[in-house]
Amino acid sequence: MQAFEIRTTSYEEAQTICEGQQKMMKIFGKVLDADLNGGISKPNAVCVEECFQKSDCILVFMNSDGQCLSFDFNSTEQLTVLETAKTDNLFVAFKTQFLLSQCPAYESMDLSITVGGESIPWIKNGNEYLFKKCVGDWKMFKRVDDVTVCMQTFEISALSLEGAIQVCDDIGGYKLTGIQTEKELDWVYSRINQTKWGYFDGFWIGAKRQAAYSGKKNDTNFEFIDKYTDLDQELYARRGFITGENEINGKAEDCLIICQVFSGYYKRYINDVSCISYPQGLGVVCGYQLV
């Protein structure tokens with residue numbers, strides 16, 4: 001059985017171990033591909049305590065000689081922790097929380113990291129713990145079939161769909177992402193600059209109506225550029241202001257932005273616009289699939 005300890009400083013704090021509050025869990029282990037020689041010399045207890053007190057620290061890697069290496073949330077995208085033998089004199093302390101109503105056995109622990117409202121699980125596979133997250137402060141969305149997507153909005157104007165695609169590519173080789181779920185849609189809408197943007201000012205998303213349905217009124221047969229988004233036509237019909245064509249000049253509107261339409265259209269945030277020229281595309285939603 002793997003020995004471990006949970007950092008507590010008082011009886012009252014020990015009482016909270018099973019109540020889902022943040023804490024440190026120390027095991028015999030190591031962080032793969034991490035070099036302790038790049039760490040700082042300090043006692044293990046101090047190393048663990050400092051991580052516990054720092055809001056962005058998620059894990060520390062230590063040895064019995066007092067070498068300490070810490071990892072913070074924003075600069076860490078992936079970690080693999082491997083359990084080791086006691087005789088190796090290597091230790092890892094996770095910042096985590098327990099969501100169960102009773103203190104679980106070590107083998108049954110369901111560990112997760114919560115920083116800034118973002119909760120990410122440690123995935124246990126045999127004697128390994130795996131941590132994956134989006135780059136920086138990008139938002140993570142878990143979809144069906146174990147697909148995880150990372151998204152971020154950028155207030156960079158683009159006149160056309162091709163221009164919006166280029167913006168995301170220029171930022172870091174990212175995709176102009178599609179929207180698959182209600183949660184994703186509401187998050188993007190929450191990012192709209194309400195103090196500066198007006199009605200129909202919005203974020204481009206990576207969707208285009210299929211050619212066979214171009215300009216068709218109320219049609220939701222869209223395809224996605226990113227290749228990882230599946231179409232939920234019911235969502236787009238229910239939450240979209242989909243007209244198919246410009247009401248003034250009759251030209252096809254086959255691309256999509258997320259915006260605030262007229263106040264009477266409750267939560268209809270998806271609007272179809274011209275793919276070639278839409279000056280009110282004031283931002284983009286970039287993304288990538290986390291693998």
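Is Cys 286 buried or exposed? Cys 286 is buried, because its relative accessible area is 0%, where buried means under 20%, exposed over 50% and partly exposed in between (1.4 Å probe, protein chains only).

Before going on, note that this is a predicted model, in which local features need pLDDT of at least 70 and side-chain atom pairs count only at pLDDT 80 or more, while totals for chains, interfaces and linings use all residues. Residues are numbered from 1 along each chain as its sequence is written, and side-chain values use heavy atoms, with hydrogens and water left out.

Now let's see what Cys 286 is bonded to. A disulfide is a covalent bond between the sulfur atoms of two cysteines; here a pair of cysteine sulfur atoms within 2.5 Å counts as one. Cys 286 pairs with Cys 168, with 2.1 Å between their sulfur atoms. This pair links distant parts of the chain, 118 residues apart: Cys 168 lies in helix 3 (residues 161–172) and Cys 286 in strand 20 (residues 281–289). Helices (H or I, at least four residues) and strands (E, at least two) are DSSP runs, numbered from the N terminus. Cys 168 is also buried, because its relative accessibility is 0%.

The whole structure holds 5 disulfides. Among them is the bond between Cys 47 and Cys 68, with sulfur atoms 2.0 Å apart; it is right-handed, with 70 degrees about the S-S bond. Another joins Cys 51 to Cys 57, and this one is left-handed because its torsion is about -100 degrees. Both Cys 51 and Cys 57 are buried.
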